[in-house]
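This report describes the fold and overall dimensions of one protein chain.

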Amino acid sequence: MTTDKIISEVNTHGYSVIISETSKYLPPVAFTVGLQQKYNHPEIIIFGLPAHNMKSILADVTDMVKTGIKIQLSTCYNDFFDNGSAEFLELAEENINDYFIEIPELQNGKKRAALQLVWTDSKNKFPWEEGFDPEFRWKQPLLDRNVNFKFREEKDMEVLVAADAIDQQKPILNVIHELHGKWQFLTGNIPEKMKLISLEQLVTSDPSVNEIFDLDYGEAAERDARGGDWFKYKIEIPDEE
């Protein structure tokens, strides 16, 4: 959706909804644009459900906001699901830019704020409750936390890292997310030696790799120097003879 269309929808309907479909790695996500401008209310984001469901739920939330109801934190809502509940979390500032697009014409210089609608599993348990269905664990990342470790995988997952990144503290300049989910973190050209370390250890040694946490299966990223902008691209897979 173009910026002009988003602005037009906000001016006409009071808000717009941006939807990103699911991939094999990333969950689907939908979020509002315009609630801050029109109603002085944080934007809303939701993960992990079919696109039409997320759009309908965001419409229901927006209808509440339009009537002057301010969404409350740490409050259980039963308005959005027939057989489930929802709570809202306040997004950490460090997570907002990862998902919400910046449209200066709508922000009017305001500091951006957003809430995440989090839904329960079939047993009506939230992700932070004991017994939550692990099948749904990665369908809705919790954006009020995890600002220092944004990857979807477990912290102790082993990843391949160029040995000189560990031994000589050389910067990670190339990252490969293989089709089958494995990660490689390189310092440039293919190194002679690789090491296996935990993903948490890598992120701790170079927090800037958090910037490519959303690199999809079959994608790679590269940059010129530590702190530089990442350039993402699809991995070219040679045709089988």
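The accessible surface of the protein amounts to about 13,600 Å², and 47% of that area belongs to carbon and sulfur atoms. The model is a predicted one. Of the 241 residues, 46% count as buried.

Along its principal axes, the C-alpha trace of the protein spans about 65 × 45 × 40 Å. Among contacts in the protein with a separation of 6 or more, 58% are made by residues 24 or more positions apart. The secondary structure consists of seven helices and 11 strands.

Six strands form an open sheet with mixed pairing, in the order E9-E6-E8-E7-E10-E11. Strands E9 and E11 stand at the edges with a single partner strand each, so one side of each is left without a neighbour in the sheet. From one strand to the next, the twist averages 20 degrees.

Within this sheet, strand E6 pairs with strand E8 in the parallel sense, over two bridges. Val-161 stands opposite Phe-185 of E8.

| Strand | Residues |
|---|---|
| E6 | residues 158-162 |
| E8 | residues 183-186 |
| E9 | residues 194-198 |
| E11 | residues 231-234 |

Technical notes: Residues numbered from 1 in each chain as written. Predicted model: local features only at pLDDT ≥ 70, side-chain atom pairs only at ≥ 80, totals over all residues. Heavy atoms only, no water. Pairing = 2+ DSSP bridges. Helix = DSSP H or I, 4+ residues; strand = E, 2+ residues; numbered from the N terminus. Axes fitted to C-alpha atoms, helices over the stretch in contact; angles between N-to-C directions. Buried < 20%, exposed > 50% of the residue type's maximum accessible area, 1.4 Å probe, protein only. Contact = heavy atoms within 4.5 Å. Areas by Shrake-Rupley, 256 points an atom, 1.4 Å probe, with all protein chains shown as cover.
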